[in-house]
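Please examine the sequence and the structure that follow. The paragraphs after them form a guided reading, to be followed with the model in view.

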Amino acid sequence: MQIKIKSLHYRYPETNFSLDIPDLTLSPGLICLVGQNGSGKSTLLKLLADLLPAGDAIKADGQTLSEYLASGRLSKIAYAFQDPNDQLFNSSVEKELAWSMKQAKLPEDEIARRTEAALKEFGLAEFRDLNPYDLSLSGKKLLTIASALVLDPEVCLLDEPLMSLDYPGRCLVTRLLEKRLAQGKTVIMITHDMDWLAENCQEVYAMSQGHLVYHGPVHQLFSDQELLDRLGLLPAKTWQLSQLLGLKPEVLSLK
Ligand SMILES: Nc1ncnc2c1ncn2[C@@H]1O[C@H](COP(=O)(O)OP(=O)(O)O)[C@@H](O)[C@H]1O
Ligand SMILES: [Mg+2]
């Protein structure tokens with residue numbers, strides 16, 4: 001599935017912030033979005049999720065987003081919010097996981113099977129009857145990601161999925177994303193984690209003040225000090241260490 005953006009312009013009513021993306025094509029694979037707070041990353045993700053109106057500026061396989069999503073919206077594009085409190089609303093962890101599958105009218109036995117599998121995979125089984133608001137922040141974050149992945153969507157839009165996760169949680173999410181990518185699906189995610197980026201991502205997009213200001217390999221972004229300063233980014237620790245040691249080519253990953 002290919003997403004094409006042409007002349008995308010969005011402004012929140014009564015604010016000075018505007019997002020402008022003249023031309024962009026996103027093909028299946030991992031797409032990481034970085035940039036300072038307030039640069040417009042979440043706004044772009046919400047536009048891609050059809051949570052904010054993009055008119056016909058965003059096309060998916062040649063159709064406008066609303067045409068593309070008209071049949072089976074939830075199994076095509078799933079979205080996990082930056083702040084889990086904006087997403088979670090059911091009275092139990094189990095109901096939260098099942099909700100999108102119910103909306104998608106999956107058979108009851110399939111909903112039960114997938115819910116059990118997700119509870120187990122995300123380490124949430126013991127919290128199944130708990131109100132999602134009573135989970136820890138990392139538990140909430142995992143639940144929002146699980147709820148997005150449970151419908152096995154073509155495109156996954158994840159807003160800072162690694163935020164507040166502990167090490168096992170990060171490993172779990174990384175492994176599940178790798179699995180999706182191996183199936184030829186699309187993952188578009190926002191992250192501030194340069195170490196994760198260096199280890200896991202080939203190409204990165206950077207945003208500043210509502211504009212895409214960089215698209216290219218991670219190592220090229222880390223080599224451009226002027227751009228890093230403008231974006232307020234500190235390169236991955238592996239990269240910093242190779243700079244100190246004078247290694248060429250610089251090390252991005254310890255894998
Ligand atoms: N619902 C909203 N109404 C008005 N302004 C908003 C809203 N959401 C975000 N903004 C503003 O839009 C700008 C970009 O925000 P956002 O897309 O959340 O940036 P980022 O995710 O990169 O931190 C910020 O100036 C923010 O204050
Ligand atoms: Mg954001």
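Helix H1 (residues 41-48) contributes the most to the shell around ligand 1, with three residues. Helices (H or I, at least four residues) and strands (E, at least two) are DSSP runs, numbered from the N terminus. A residue is near a molecule or strand if its C-beta atom, placed from the backbone, lies within 6 Å of it. The residues surrounding ligand 1 are Tyr12, Thr15, Phe17, Gly35, Asn37, Gly38, Ser39, Gly40, Lys41, Ser42 and Thr43. In this shell two residues are nonpolar, eight polar and one charged; here Ala, Val, Leu, Ile, Met, Phe, Trp, Tyr, Cys and Pro count as nonpolar, Asp, Glu, Lys and Arg as charged, and the others, Gly among them, as polar.

This is a predicted model, in which local features need pLDDT of at least 70 and side-chain atom pairs count only at pLDDT 80 or more, while totals for chains, interfaces and linings use all residues. Residues are numbered from 1 along each chain as its sequence is written, and chains are lettered from A and ligands numbered from 1 in the order in which they are written.

H1 also lies across S1, S2 and S4, and runs at about 120° to S1. Such angles run from 0 to 180 degrees between N-to-C directions, and axes are lines fitted to C-alpha atoms, for helices over the stretch in contact. Two residues are in contact if their C-beta atoms, placed from the backbone, lie within 7 Å.

Which strands form the open sheet, and in what order? Four strands take part, in the order S2-S1-S4-S5, with antiparallel pairing. S2 and strand S5 (63-64) stand at the edges with a single partner strand each, so one side of each has no neighbour in the sheet. Two strands pair if DSSP finds at least two bridges between them. S1 and S2 are joined by eight bridges, and Ile5 stands opposite Leu24 in S2. Strand S4 (residues 58-60) and S5 are joined by two bridges, with Lys59 opposite Thr64 in S5. In a regular strand the side chains alternate between the two faces of the sheet.

S1 and S2 form a hairpin with six residues between them. Glu14 is found in this loop, between strand S1 (3-11) and strand S2 (18-26). Glu14 has a positive phi of about 60° although it is not a glycine. Is Glu14 buried or exposed? Glu14 counts as exposed because it has 5 C-beta neighbours inside 10 Å. A residue is buried if 20 or more other C-beta atoms lie within 10 Å of its own, exposed if 12 or fewer, and partly exposed in between, with C-beta atoms placed from the backbone. Gln209, in the loop between strand S9 (203-208) and strand S10 (211-217), has a positive phi of about 45° and is not a glycine. Gln209 has 15 C-beta neighbours inside 10 Å and therefore counts as partly exposed.

Attention now turns to another helix. In helix H4 (residues 93-103), the buried residues are Val93, Glu94, Glu96, Leu97, Ala98 and Met101. Helix H5 (108-121) and helix H6 (137-149) are included in what covers them. After H4 comes Lys105, with a positive phi near 60°.

Pro249 is found in the segment after helix H11 (237-245). The peptide bond from Lys248 to Pro249 is cis, with omega near -5°.
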